[in-house]
Amino acid sequence: MKLYEWIWLPIAGVIAYVVTRSPSGASSKNLNASDAVIDAATRTLLAETSFRQSPAEMSSILQVGINRAKETGDLLAVFTPPGKPNWNRSATFKRRWNEARGYPQWSKARTFVVDVFAGKYPNLIGDRKYFLHPAGMPKCQGQQCPRGRQCVNTTAGRRCLPSWSSDDVALVIDEARFS
């Protein structure tokens, strides 16, 4: 081999590594996703979206749970109401979560969860651990919002959002805000 051919070998190796590695933090394939975890994550996804949002938004909602589990090591606890740390305390969410197995979208949603957990969707939100749908938040009454909330222009109009979802920190993906 000639000298110039030797120079290209390490460069080709680096290129091959970059092209074939999974995106940083892209999936939970290093986390233990048992059938119980996949079931709980599917219920959560259906309770939150009815499997009607974009793949980018839905995979990012699941990524919130994955990010939370990186701290606790317990995906099942994250995706089981009320969630640890708290996912959603509302009675409506818990009812929808409990009914989710009967939803006609169950099979498609479950396959989607398996694909997200297998790393087939990129991590669009980094290490963010919170999200909300502004449409489910109270409308602003003038500039007044309850303590700890602020009036923010959102995809659903002006809403009173928690300070952790302010415009300064939130990443908007379709109809959801991630912080």
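Mentor: Start with the surface. The accessible surface of the protein comes to about 10,300 Å², and carbon and sulfur atoms account for 54% of that area. Such areas come from the Shrake-Rupley method with a 1.4 Å probe, and for residues only the protein chains shown count as cover.

This is a predicted model, so local features need pLDDT of at least 70 and side-chain atom pairs count only at pLDDT 80 or more, while totals for chains, interfaces and linings use all residues. Residues are numbered from 1 along each chain as its sequence is written, and side-chain values use heavy atoms, with hydrogens and water left out.

The protein has six helices and five strands. Helices (H or I, at least four residues) and strands (E, at least two) are DSSP runs, numbered from the N terminus. Along the sequence the order is α-α-α-α-α-α-β-β-β-β-β. Of the 179 residues in the protein, 40% are buried. Buried means under 20% relative accessible area, exposed means over 50%, and partly exposed lies in between.

Your part comes next. The search of the whole structure finds two disulfides. A disulfide here is a pair of cysteine sulfur atoms within 2.5 Å.

Take Cys140 and Cys151. Their sulfur atoms are 2.1 Å apart. The angle about the S-S bond is 120 degrees, and the link is right-handed. Cys140 sits in the loop between β1 (131–132) and β2 (149–154), and Cys151 sits in strand β2, so this bond ties together parts that are eleven residues apart in sequence. Cys140 has a relative accessibility of 13%, so it counts as buried. Cys151 has 19%, so it counts as buried as well.

Now Cys145 and Cys160. The S to S distance in this pair is 2.2 Å. The torsion about the S-S bond of Cys145 and Cys160 is about -80 degrees, so this disulfide is left-handed. The pair links distant parts of the chain, 15 residues apart. Cys145 is in the loop between β1 and β2, while Cys160 is in strand β3, residues 157–162. Both Cys145 and Cys160 are buried.

With the bonded cysteines numbered in sequence order, the pairing reads 1-3, 2-4.

Further along is Ser165. This serine is found in the loop between β3 and β4 (171–173). Its relative accessibility is 0%, so Ser165 counts as buried. Contact means heavy atoms within 4.5 Å. Beyond its neighbours within four places in sequence, Ser165 is in contact with Leu132, Ala170, Arg177 and Ser179.

For background, turn to the nonpolar core. A nonpolar core is a set of buried Ala, Val, Leu, Ile, Met, Phe, Trp, Tyr and Cys residues joined through side-chain atoms within 4.5 Å. The largest one holds 33 residues. Leu62, Phe79, Trp87, Phe117 and Phe178 touch the most other members. Two or more residues each come from α2 (35–49), α3 (55–72), α4 (75–79), α5 (91–99), α6 (106–117) and β5 (176–178). The largest share of this core is that of α2, with seven residues. In soluble globular proteins, nonpolar side chains tend to be buried together.

Across the protein, take the contacts between residues at least 6 apart in sequence: 61% of them join residues at least 24 apart.

At 32% relative accessibility, Val114 is partly exposed. Val114 and Thr42 are 72 residues apart in sequence, and their C-alpha atoms are 9.0 Å apart.

Last, check the backbone at Ser50 and Phe51. Most residues other than glycine have a negative phi. Ser50 has a positive phi, near 55 degrees. Phe51 also has a positive phi, about 55 degrees, although it is not a glycine. Ser50 lies in the loop between α2 and α3, and Phe51 lies in the loop between α2 and α3. Ser50 has a relative accessible area of 7%, so it is buried.

Technical notes:
Buried < 20%, exposed > 50% of the residue type's maximum accessible area, 1.4 Å probe, protein only.
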